[in-house]
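Welcome, and please take a look at the model shown here.

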Amino acid sequence: MGRQKRIWVPHRFYHIVCRGNRRDPLFKETNDFLAFLHILHQLHEKIPFEIAAYCLMTNHFHLQLRSKQEPISKVMALMNKRYANYYNTRYRLTGHVFEKRYYGKLIDNDSGMLEVSRYIHLNPVEAHMVHAPELYRWSSFYLYMHPKSLPPKFMNMDALLDYLSGTKTERKKKYAEFVRG
């Protein structure tokens with residue numbers, strides 16, 4: 001029996017999670033994290049998508065992602081294929097890099113947008129990798145912490161900040177406080 005077709009709602013964000021095969025590391029060193037972010041940049045030029053929050057953990061990653069023009073499944077297939085090619089070449093491996101299909105859950109309400117982003121940004125804290133989300137280098141939280149930070153083109157911070165009031169700087173501060181609790 002074939003796989004069930006994924007539902008794609010173009011104007012909604014999804015919480016995406018991908019894990020390394022056998023829960024092995026996806027990111028072994030700094031260059032791996034940088035390569036993944038570079039792939040996001042390259043792919044964004046080909047297929048526009050938006051990310052409201054991301055966190056690259058050692059053996060998995062989280063994305064809060066929306067694609068208005070192409071199905072999420074196409075975006076994820078290209079993203080994972082490119083990263084798997086990089087990873088297998090870099091570490092002279094063959095075979096699967098990812099455990100299975102990506103997990104993708106539609107975020108179907110406004111409060112879910114903020115809650116999912118909080119969950120994503122607190123992931124390294126919950127995993128006891130850092131004591132505060134701003135201390136983790138491979139998450140988008142730093143973009144919300146620093147008012148003058150320049151986000152990558154694939155980031156749509158307003159997707160979260162628009163739920164808060166005030167100037168952009170005030171909304172970033174309120175968001176950071178919301179995440180930290």
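## The annotated domain

UniProt positions are given in the numbering used here, feature names are shortened, and annotations may be inferred rather than shown by experiment. With that in mind, the unreviewed UniProt entry carries the annotation "domain: Transposase IS200-like" over residues 9–123. Across residues 9–123 the chain is 43% helix and 21% strand, with the end C-alpha atoms 26 Å apart. Helices (H or I, at least four residues) and strands (E, at least two) are DSSP runs, numbered from the N terminus.

This is a predicted model: local features need pLDDT of at least 70, side-chain atom pairs count only at pLDDT 80 or more, and totals for chains, interfaces and linings use all residues. Residues are numbered from 1 along each chain as its sequence is written, and side-chain values use heavy atoms, leaving out hydrogens and water.

## Two helices in contact

Helix H1 (residues 30–46) and helix H2 (residues 72–90) have axes that come within 10 Å and cross at roughly 145°; axes are lines fitted to C-alpha atoms, for helices over the stretch in contact, and angles run from 0 to 180 degrees between N-to-C directions. In the contact (heavy atoms within 4.5 Å), H1 residues including Phe36, Ile39 and Leu43 meet H2 residues, among them Leu78, Met79 and Tyr83.

## A buried strand and its hairpin

Strand E2 (residues 50–56) is largely enclosed by the rest of the structure, because 7 of its 7 residues are buried (under 20% relative accessible area, 1.4 Å probe, protein chains only). E2 runs antiparallel to strand E3 (residues 60–66), joined by 6 bridges; strands pair if DSSP finds at least two bridges between them. Ile51 stands opposite Leu65 in E3, and a hairpin links E2 to E3 through 3 residues.

Terms used: Buried means under 20% relative accessible area, exposed over 50%, partly exposed in between (1.4 Å probe, protein chains only).
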